[in-house]
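Here is a quick, friendly tour of a ligand site and the sheet that goes with it. Have a look at the model first, then read on.

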Amino acid sequence: MADNAGPETSAPNVGKIHVRDGVAGDVDAVIALDEQVTGIAKAGYWHSLFEGEDAPHAGRRHFLIAEEAGETDPHLAGFIIGEVRAWEFGSHPCGWVFAISVDPNARLDGIGSRLLEEISDCFKAEGVTRMRTMMARNNHLLMSFFRSHGMMAGPYIELEKDLD
Ligand SMILES: CC(C)(COP(=O)(O)OP(=O)(O)OC[C@H]1O[C@@H](n2cnc3c(N)ncnc32)[C@H](O)[C@@H]1OP(=O)(O)O)[C@@H](O)C(=O)NCCC(=O)NCCS
């Protein structure tokens, strides 16, 4: 079952958290944390992000890892993925946050905020002035998190239907 209902934290001090670019060696830990948080295993998806078919985007995609600094075998504390996209759906260039997850045992200690701030800096360095994301309507935890960072409903809506 998805574990996005909130923390049960014996949290590491966020001052000891180190944020760095993700590498292929992180993929197993990312897969495990994502499955723990969303309840869905997507190994092929994560491998493709690091190694495969999305390689043409690799230069512009930001995949940031938070881990405890100073450990010989650092523990993955969280990750965030996003990139600057332009003109899909008529949207001006902006930074999209595709996914963020923090270890349930490390929440409410500023790690998610640190990751969001770091990716914001990446987007700003690329010259965009706006950031967007999308989430399930019932993910109140993510909504609270993004709202706490000043993110608000934007000018687009998603439409969908079942295909017979
Ligand atoms: C949302 C998430 C990234 C927040 O990470 P975090 O490191 O705990 O966040 P922070 O400590 O930086 O919290 C920043 C702010 O977010 C809000 N927030 C975070 N957790 C909250 C909670 N359980 N309830 C209400 N507000 C919360 C608060 O406003 C908080 O600020 P405050 O501590 O000053 O009140 C984390 O809970 C998570 O990974 N949740 C699952 C996300 C998910 O579903 N991912 C899969 C789809 S992409």
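**Ligand shell and sheet**

The residues of the shell around the ligand divide into ten nonpolar, ten polar and two charged. Here Ala, Val, Leu, Ile, Met, Phe, Trp, Tyr, Cys and Pro count as nonpolar, Asp, Glu, Lys and Arg as charged, and the others, Gly among them, as polar. Please keep in mind that this is a predicted model, where local features need pLDDT of at least 70, side-chain atom pairs count only at pLDDT 80 or more, and totals for chains, interfaces and linings use all residues. Residues are numbered from 1 along each chain as its sequence is written.

**Around the ligand**

- Arg 107, Gly 112, Ser 113, Ser 144 and Ser 148 come nearest among the 22 residues around the ligand (near means a C-beta atom, placed from the backbone, within 6 Å).
- At least two shell residues each come from helix H1 (27–38), strand E4 (94–102), helix H3 (111–125) and helix H4 (140–148); helices (H or I, at least four residues) and strands (E, at least two) are DSSP runs, numbered from the N terminus.
- H4 gives the largest share, five residues.

**The sheet**

- Five strands make an open sheet of mixed pairing, in the order E1-E2-E3-E4-E5; strands pair if DSSP finds at least two bridges between them.
- Strand E1 (17–21) and strand E5 (131–133) are at the edges with a single partner strand each, so one side of each lacks a neighbour in the sheet.
- E2 (residues 61–68) and E3 (residues 76–85) run antiparallel, joined by seven bridges.
- Ile 65 has Phe 79 in E3 as its bridge partner.
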